[in-house]
Amino acid sequence: MSKLDFTGRVAIVTGAGGGLGKQHALALARRGAKVLVNDLGGAVDGAGGSVGAAQAVVDEIRAAGGEALANGASVTDVAAVEAMVQQAIDAWGRVDILVNNAGILRDKSFTKMDLSDFRLVVDVHLMGAVHCTKAVWPHMNAQKYGRIVMTTSSSGLYGNFGQSNYGAAKMALVGLMQTLSLEGAKNNIHVNCLAPTAATRMTEGLMPADVLAALQPEAVVPAMLVLAAENAPTRTILCAGAGTYEAAHITLTEGVHLGLTDDTPERLAARLAEVTDRQGEQVPQSGAAQGTNEVGKAFAAKR
Ligand SMILES: NC(=O)c1ccc[n+]([C@@H]2O[C@H](COP(=O)([O-])OP(=O)(O)OC[C@H]3O[C@@H](n4cnc5c(N)ncnc54)[C@H](O)[C@@H]3O)[C@@H](O)[C@H]2O)c1
């Protein structure tokens, strides 16, 4: 079993002033990476900001003999994100790893949610990750190496009451990962998703104390390290919490060819259980798999 070694690698971790991001940054630095520690330094709902949170993590890394730089950009600010990536390039000449981790919550049932809270959450999680990824992408293409981790969530993958904004943004990151992993493949850019469960200020009020105690953020870090490593997979959705690791898959069932007649809606309704049956389902390698399955069945029905 070879040790996951990040010596010589340059990593950017967003939202690394506290919570999971801080543990990601500390672990990457401990294993040899030079780490740009980004954090807006705001409240859990995204209000306020200061570079102090990122600087404290940088101080901790340096005190342990590591190399790190602080950055206080909001991931929502394209110009500030570009400057952040340039800061890493100026200091260390490359960016090998991007961990898109920054995030906020504005929880409310959909009935009560203001559109401004929906937009802000999408802006931070989805567009924030897009801005950071877009800024590192040309560097990763040029150096023919990149590892990008998108932080998704079970709330996006499976839903969670009161988190329609957050869930939509987190699932959008899965979509972003699916296509970027295809586009990045030729230049050795691997893109993956991490779905953590951890006791942080984000989950403080949401779970009982003994449950939170089991969910140390440190227990998520091994999954991030595997997804950011040289021999990382690509297009994987890894779930992690309390020392257990799982994978989530977006699957396609075998389906049933019904053709097109006036009563197709009725026949589809009658056979819905067969259509949704998971026997023989696949994890498509790209979106083309759906059309291939459908057209293949249509051609077969004609024969
Ligand atoms: N804790 C969990 O159980 C859990 C579950 C699923 C997903 N997540 C995700 O993990 C990530 C880390 O969350 P956490 O639990 O450590 O919470 P956290 O609040 O401790 O960490 C989020 C960090 O992001 C920073 N941030 C917020 N907006 C920012 C912006 N615009 N620009 C830069 N930094 C910004 C915050 O200042 C904070 O330090 C988030 O993306 C979150 O959605 C967490």
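Which side chain has an N or O atom 3.0 Å from a nitrogen atom of the ligand? Hi everyone, that one is Ser74. A polar contact here is a pair of N or O atoms within 3.5 Å; within protein, one must be able to donate a hydrogen and the other to accept it, and residues adjacent in sequence count only if both atoms are side-chain atoms.

Before going on, some housekeeping. This is a predicted model, where local features need pLDDT of at least 70 and side-chain atom pairs count only at pLDDT 80 or more, while totals for chains, interfaces and linings use all residues. Residues are numbered from 1 along each chain as its sequence is written, and side-chain values use heavy atoms, with hydrogens and water left out.

A polar backbone atom of Val75 is 3.0 Å from a ligand nitrogen, and Thr200 brings a polar side-chain atom to 2.5 Å from a ligand oxygen. On its own the ligand exposes 820 Å², of which the protein buries 96%; those areas are Shrake-Rupley values with a 1.4 Å probe. Around the ligand there are 30 residues (a heavy atom within 4 Å). Leu20, Asp39, Asn101, Tyr166 and Thr200 come nearest.

Now, the rings. What sits over the ring of Tyr145? The charged end of Arg9 does, 3.8 Å from the ring centre. Arg147 also lies over the face of Tyr145, at 4.4 Å from the centre. The criterion is NZ of Lys or CZ of Arg within 6 Å of the ring centre and within 35 degrees of the ring normal.

Finally, the whole structure has 1 aromatic pair (centres within 6.5 Å; planes under 30 degrees apart are stacked, over 60 edge-to-face, the rest tilted). Phe110 and Phe118 have ring centres 6.4 Å apart and planes at 75 degrees, so they pair edge-to-face. Thanks, folks!

Definitions and conventions
Rings of Phe, Tyr and Trp (its six-membered ring) pair if their centres lie within 6.5 Å; planes under 30 degrees apart count as stacked, over 60 as edge-to-face and the rest as tilted.
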